[in-house]
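Me: I have a model open and would like to go through it with you. Can you take my questions one by one?

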Amino acid sequence: MRTTIALAAALMLGTSMPALADDCTIKVGVLHSLSGTMAISETTLKDTVEMLVEQQNTKGGVIGCDLEAVVVDPASDWPLFAEKARELLSVHDVDVIFGNWTSVSRKSVLPVIEELNGLLFYPVQYEGEESSKNVFYTGAAPNQQAIPATDYFLEELGIEKFALLGTDYVYPRTTNNILNAYLQSKGIAESDIFVNYTPFGHSDWSKIVADVVALGADGKSVGVISTINGDANIGFYKELAAAGISADDIPVVAFSVGEEELSGLDTSNLVGHLAAWNYFQSAESDANAEWVEAWKARMGEERVTNDPMEAHYIGFNMWVNAVAAAGTADVDAVRTAMYGQEFPNLTGGTAVMLPNHHLAKPVLIGEITAEGQFDIISQTEEVPGDAWTDFLPESAVLKSDWKDLGCGMYNVDTKTCVQTLSNY
């Protein structure tokens, strides 16, 4: 609204937007936990958005306006995320929000964002099964991470039994429901799939690790698919090492462990375990070399980059370009300008924003090294993100298309826009 008024004033007065720069500020909300169990992952994303804002301001801002980062701390408290989102939109009057990590925090924020017509860029891999016109999902959907990682276990490692270990909230539970159905469609018996959930911050992993080891008592090969989130990963990997379990014995592929999480671990005993993302710091491209150099120059040589940072990097730059194309930071105008936006990713390809508010992204499998980095052992071309999985019957008939259909849950069989879904 402020930008639209400034533009109108500029046109009426016959002046240009740069002349109004001193009076024109576009506020960028930052909604990431700086305390609590998720601070281990989210603090870096706050730093990332602040760096992106500073970089854009050195380029002259956007449409003649400076950007201002407005930071709040929802403190890993899911209801507080909703309160802080309302504060950003109603009190601070931000034009866009970059934030959240866990799906439970995003679900908490969603009603507020939709009620106040805010715009959220969500940068973390998630379970899919959601489509809001007020959210751009710049992290991976299941078909861009979980399914390809499972295929790697099946096809490359010959895994016969699966332990699906997750933190007890919506992302792990929904993702594991999808993977359970997918594995059974691939011929894995339900009795060969072990599922376990633990609370945030869980620290005693001895029994669970013992249960995973026991899964392979019949001689079949066992693999762990981990949707464990936050600092609980520290205890899990330490218990694996204490039990003498190597990647050759029982490989683990993680969906929420990246360079930042490994920086707090002794990785000498974790060499060979895997993670599936759409970016690793070790990616070889000129754009990534420049990004890593700028990050370390600002934050210190010991600080690492990771996948959700790249998602914010892509989403932020697409948003800037959409604001420039629309000539305003107005949410509805920016949303329309976002469709088809392209921006170089950090792995050498190009990210494209799709009508379903997801990106086309490559899928990378990385192997943990002793230095706490990932050796990229598999990489695909860009895969279009799918809001609704093909492996749950109630979702397989749904399509998201906000550009042409104006609907996030379009039933392709009945050709109608579904208004509600039990797990949405």
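Predicted model: local features only at pLDDT ≥ 70, side-chain atom pairs only at ≥ 80, totals over all residues.

Me: OK. How is the chain divided into domains?

Reply: Domain 1 covers 25-141 + 284-362, and domain 2 covers 146-254. These bounds come from an automatic or database domain assignment. Taken over C-alpha atoms, the centres of the two domains are separated by 30 Å.

Me: How many residues does each domain put into the contact?

Reply: Domain 1 gives 13 residues and domain 2 gives 12 residues, where contact means heavy atoms within 4.5 Å.

Me: And what area is buried there?

Reply: About 990 Å² is buried between domain 1 and domain 2, with 69% of that from carbon and sulfur atoms. Buried area is the accessible area (1.4 Å probe) that two parts lose on being put together, summed over both.

Me: Which three residues of domain 1 supply more of it than any other three?

Reply: Thr37, Ile40 and Glu127, which supply 43% of the area that domain 1 buries against domain 2.

Me: How many salt bridges and polar contacts cross that interface?

Reply: The rule finds 0 salt bridges between domain 1 and domain 2. A salt bridge here is a side-chain nitrogen of Lys or Arg within 4 Å of a carboxyl oxygen of Asp or Glu. For polar contacts, the count is 2 residue pairs, both at pLDDT 80 or more. A polar contact is a pair of N or O atoms within 3.5 Å; within protein, one must be able to donate a hydrogen and the other to accept it, and residues adjacent in sequence count only if both atoms are side-chain atoms.

Me: Which element gives the largest share of the side of domain 1 that touches domain 2?

Reply: Helix H4 (residues 103-115), with 3 residues. Helices (H or I, at least four residues) and strands (E, at least two) are DSSP runs, numbered from the N terminus.

Me: Switching topic. How many salt bridges does the structure hold?

Reply: The structure holds 16 salt bridges. One of them joins Lys207 and Asp211, with the closest N and O atoms 3.0 Å apart. Lys207 and Asp211 both sit in helix H7 (residues 206-215), 4 residues apart, about one turn of the helix.

Me: Are Lys207 and Asp211 exposed or partly exposed?

Reply: Lys207 is exposed at 58%, while Asp211 is partly exposed at 27%.

Me: What about Asp332 and Arg335?

Reply: Their side chains meet in a salt bridge at 2.8 Å, N to O. Both lie in helix H12 (residues 331-338), 3 residues apart. Arg335 is buried at 8%, whereas Asp332 is partly exposed at 38%.

Me: Which residues are linked in a network?

Reply: Lys46, Asp47, Glu50 and Arg303 are linked in a network of salt bridges.

Me: Now the backbone. Which residues have a positive phi although they are not glycine?

Reply: Ser76 has a phi of about 60 degrees, and Asp93 has one of about 55 degrees. Most residues other than glycine have a negative phi.

Me: Where do Ser76 and Asp93 sit?

Reply: Ser76 is in the loop between strand E2 (66-72) and helix H3 (78-91), and is buried at 13%. Asp93 is in the loop between H3 and strand E3 (96-99), and is partly exposed at 39%.

Me: Last one. Is Gly29 buried or exposed?

Reply: Gly29 is buried, with a relative accessible area of 0%. Gly29 belongs to strand E1 (residues 25-31). Not counting residues up to four places away in sequence, Gly29 touches Val70, Leu88, Val94, Val96, Ile97 and Phe98.

Notes. Residues numbered from 1 in each chain as written. Heavy atoms only, no water. Buried < 20%, exposed > 50% of the residue type's maximum accessible area, 1.4 Å probe, protein only.
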